[in-house]
Amino acid sequence: MSKHWDPRWKKERRQKVIKIKLPSWDEDDEDPANMDKEQIRSRMKEHGFLPQKPWQERPAYIGCTPSVFEAYVAPEGDGKYSAVTKEGAKQKLTFLEKKGKSLMAIRKIKQFDDTFKTSYFLEEALDIYQKAHEALTTKNESEIIKYVTETAYPKITYNIIDKTIHWKFLESLEPARLVHARTTDVITKENVFAQLTVRFHTQQVLAVYDRFGRLIQGSKILRKDVLEYIVFEKHLANEYGVWRIHDKIIPPWMTPTDIAEGTYVVPKEKHDPVPTEPHPVEATLTEDAPKSEASAQPS
């Protein structure tokens, strides 16, 4: 009989035995050189190994676009003319003409984000703008990358080493206004990015000190009116995408800002050595030296 006489404890008796696969001593079966690809694949699958690939795949993550697509063209003299003047009326008319594409882009954004609203976004944009500058003054890299894209990070952190930055937001001279909106897709049609350009007209205080504590740009007590066009970007296809500062548009007609000059250690000047007169005793010895040598020679 092949069965045990006592049917009880059948499960326990089975657990006492471990089934193992004995190796095959046939060299032709075990040598990979004598096996084809399907046999190698089945053997690796049997032992739980993934088949090798002739190429290396590296994951790629596209968190932002490399530049601003269809950048906003600011009207000349913006911030100087009111809507009542002739120049201000022309600016309003130009803005209305370019508003069609922006409305289509906002409609595209709402397809991905149902809760998007321009008024709410402007409040969020101002908050992101302030927090990004506050993180820059403290040089907190982990906080800066929360409010700034990977494209803008090296631009905003350039040349801040060994410098102390004092920045303070005072007030908004005009409410923040959305002036430009565009969307684009990267690689695939579903991978959509959105860029919104916001116009900020604010009063700020900026002072930059070098490593020696000397003021090299701005003033700590002087207010300054600042007109900026900040581009915010969001990865719409990403469920956890957030709005971040992507770039800053500087019109060609805008007055250039003062550039802080770098500070360096002044090298020490090398002076030529001053010739000194020999000591009287040394001069006497040098004069007597040839005579002593001549007397020492044999006649």
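1. Basis. Residues are numbered from 1 along each chain as its sequence is written, and side-chain values use heavy atoms, without hydrogens or water. In this predicted model, local features need pLDDT of at least 70 and side-chain atom pairs pLDDT 80 or more, while totals for chains, interfaces and linings use all residues.

2. Main core. The largest nonpolar core has 32 residues. (Such a core is a set of buried Ala, Val, Leu, Ile, Met, Phe, Trp, Tyr and Cys residues joined through side-chain atoms within 4.5 Å; buried means under 20% relative accessible area, exposed over 50%, partly exposed in between, with a 1.4 Å probe and protein chains only.) F121, L196, V198, F232 and W243 have the most contacts inside it. Helix α6 gives the most, eight residues.

3. Salt bridges. There are eleven (a side-chain nitrogen of Lys or Arg within 4 Å of a carboxyl oxygen of Asp or Glu). D127 pairs with K131, the closest N and O atoms being 3.3 Å apart. Both lie in helix α6, four residues apart. K146 and E143 meet at 3.1 Å, N to O. They lie in helix α7, three residues apart.

4. A bridge across the sequence. K155 and D247 meet at 3.7 Å, N to O. K155 is in helix α8 and D247 in strand β5, so the pair ties together parts 92 residues apart in sequence. K155 is exposed, at 51% relative accessibility. D247 is partly exposed, at 23%.

How values were computed. Helices (H or I, at least four residues) and strands (E, at least two) are DSSP runs, numbered from the N terminus.
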